[in-house]
Amino acid sequence: MEKKLGYERKSCWLKYSEKETKEVHSYAEDYKDFLSRSKTERLSVENIKKLAIKNKFSESSKKTFFIENRGKNLAIVKMGAVSPLKGINIIGSHVDVPRIDLKQVPLYEKENIAHFKTHYYGGIKKYHWLSRPLAIYGVVFLKNGKKLDIAIGDDDNDPVFAINDLLPHLSRSQNSKTVNEAFEGEKLNIIVGSIPLKKTEKDAVKANALEIINRKYSIVEEDFISAELEVVPQGKARDIGFDRGLVGGYGHDDRICGYTSATAIFEAKNKKTACAILFDKEEVGSQGATGAQSKFIEDIIIEILKRAGEKPTYENIRTVMKNSDLLSSDVSCGIDPDFQEVHEQNNGAKIGYGLVITKYTGSGGKYGANDSGAEFVFKVKSIFDKAGVTWQTAELGKVDAGGGGTIAAYLANHGISVIDCGTALLGMHSPFEIASKADLFETHRGYKAFFEA
Ligand code: MN
Ligand code: MN
């Protein structure tokens with residue numbers, strides 16, 4: 001008999017039975033619906049919380065509960081029969097996505113056009129956001145303390161917004177600049193109005209915009225100061241290609257891992273305690289009260305210990321952490337057919353080839369990386385093999401081509417075993433990121449196996 005000595009990868013699609021292929025497409029339908037309705041971190045938390053409630057999780061339950069933090073973090077916990085002191089299985093993702101935020105004093109008028117001034121959030125290519133329909137989502141606190149939820153652009157009856165781009169005819173000077181110089185942050189101004197208010201002498205278009213906003217939402221200009229308004233791509237997630245094998249949409253990074261970890265915990269028949277956490281602020285460094293560098297992880301473990309009837313002493317918290325395993329569930333980049341020069345074929349993720357395990361991230365010589373130990377890599381890949389998960393290993397791109405980080409290192413700092421593990425994307429951080437439905441499905445399948453380990 002021939003011995004298998006080489007490491008080979010195979011497309012998920014070639015492995016699937018007809019029944020499985022149907023399951024893959026059907027799972028993607030629900031995911032697309034979630035992604036289309038979850039354009040902000042707050043909405044992602046809200047919609048996953050609703051799914052949790054539908055799956056019999058509640059704030060007060062002892063066995064299946066969730067903890068919410070400031071509307072921007074959610075921890076979903078399914079207690080196991082084994083004491084949490086023996087360790088818990090955690091999957092941590094992030095639901096914040098690169099976007100364009102409004103400034104606190106956003107509204108102004110120039111050349112009889114009213115605009116919102118913005119400050120972008122996270123790593124974007126600025127030109128991606130020009131000349132395309134945009135929507136505005138977020139919250140505003142009015143003077144009287146009332147909280148207002150805003151969603152404009154995705155309903156068919158809504159207007160949309162746009163950032164204008166310079167016409168090619170007059171772009172001679174712009175064309176000779178580098179991309180960084182050609183597109184300036186201060187020029188990402190959103191067009192919000194063009195009709196002047198009659199009998200108004202100064203800034204009549206701005207005055208008209210303010211009047212309409214006030215009539216519709218009771219907002220006055222000062223209320224923008226106590227608002228979080230996010231400009232995001234308008235439109236729904238869609239199938240891509242004649243065979244409908246890919247999903248294009250805004251925010252796969254990293255709502256794809258948030259969604260799959262949630263559906264995995266709902267289905268999991270776990271012996272150890274399972275926990276799925278949605279973090280915020282990953283795209284700007286994970287700082288602050290809702291980022292992965294916060295003590296939220298400790299709050300969760302205290303709650304788990306209490307509900308298991310254990311005292312949340314410092315020693316017990318440390319014991320749980322030292323014995324726990326965590327998947328930093330974040331997206332990887334698939335090998336881009338048009339930009340193969342930034343990838344190394346053997347160690348790059350292939351689209352449609354399954355869930356990606358990433359031993360280390362970082363840049364410039366693994367700088368800033370959580371380089372997971374071989375013991376833990378072995379443990380995780382064995383779990384996936386046993387459950388029939390199609391997985392592959394990859395790093396982000398060629399050595400010295402660039403790089404990036406995730407929440408992995410911040411959680412590993414607590415003494416938890418951590419590895420990066422998620423779905424490969426094309427066009428990461430663009431307004432229309434692309435993921436394979438097969439990889440989406442294998443991510444869900446892999447996360448479920450991890451919770452059940
Ligand atoms: Mn990410
Ligand atoms: Mn990202």
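With which residue does D280 form a salt bridge, and how far apart are the closest N and O atoms? The partner is K281, and the closest N and O atoms are 3.1 Å apart; a salt bridge here is a side-chain nitrogen of Lys or Arg within 4 Å of a carboxyl oxygen of Asp or Glu.

**Before starting**

This is a predicted model, in which local features need pLDDT of at least 70 and side-chain atom pairs count only at pLDDT 80 or more, while totals for chains, interfaces and linings use all residues. Residues are numbered from 1 along each chain as its sequence is written, chains are lettered from A and ligands numbered from 1 in the order in which they are written, and side-chain values use heavy atoms, with hydrogens and water left out.

**Stop 1: D280**

Select D280 and display its side chain together with that of K281, its salt-bridge partner. D280 has a relative accessibility of 0% and therefore counts as buried (buried means under 20% relative accessible area, exposed over 50%, partly exposed in between, with a 1.4 Å probe and protein chains only).

**Stop 2**

Helices (H or I, at least four residues) and strands (E, at least two) are DSSP runs, numbered from the N terminus. Both H94 and D253 are buried.

Stay at this site and select D330, in the loop between β13 (325–328) and β14 (332–333). D330 is buried yet has no salt bridge, the nearest side chain of opposite charge being that of R255, 11 Å away. The D330 side chain does make a polar contact with the side chain of H94, at 3.2 Å. A polar contact is a pair of N or O atoms within 3.5 Å; within protein, one must be able to donate a hydrogen and the other to accept it, and residues adjacent in sequence count only if both atoms are side-chain atoms. Leaving aside residues up to four places away in sequence, D330 touches several others, including D254, C257, E282 and T406 (contact means heavy atoms within 4.5 Å).

**Stop 3**

Move to the manganese ion (ligand 2) by way of D253, which bridges the two manganese ions, 3.3 Å apart. E283 sits in the loop between β12 (274–279) and α8 (296–307) and D253 in helix α7, so the pair ties together parts that are 30 residues apart in sequence. D253 is buried at a relative accessible area of 3%, and E283 counts as buried at 13% relative accessibility.

**Stop 2: a five-stranded sheet**

Switch to a cartoon view. An open sheet of five strands runs in the order β10-β11-β21-β20-β14, with mixed pairing; two strands pair if DSSP finds at least two bridges between them. The edge strands, β10 and β14, each pair on one side only.

Select β10 and strand β11 (residues 246–249), which pair antiparallel over three bridges. Their hairpin has five residues between the strands, and G241 in it takes a positive phi near 95°. D239 has V247 as its bridge partner in β11, and V247 in turn has A435 as its partner in β21. Strand β21 (residues 433–436) runs antiparallel to β11, joined to it by four bridges; there, G249 is partnered by E433.

**Stop 3: salt bridges**

The model holds 28 salt bridges. Select K32 and D239, whose side chains meet in one of 2.7 Å, N to O. This pair links distant parts of the chain: K32 in helix α2 (residues 18–37) and D239 in strand β10 (residues 238–240), 207 residues apart. K32 is buried at 10% relative accessibility, and D239 at a relative accessible area of 18%.

Finally, select R445 and E442, a salt bridge whose closest N and O atoms are 3.1 Å apart. The two residues are three apart in helix α12 (residues 437–452), and are therefore separated by about one helical turn. E442 is buried, with a relative accessible area of 0%. To close, select E29, K32, D239, R244 and K437, which salt bridges with shared partners join into one network.

Conventions:
Lys and Arg count as positive and Asp and Glu as negative; His and the chain ends are not counted. Donors are N, O and S atoms within 2.8 Å of the metal (3.2 Å for Na, K and Ca); water is not among the atoms, so sites may look incomplete.
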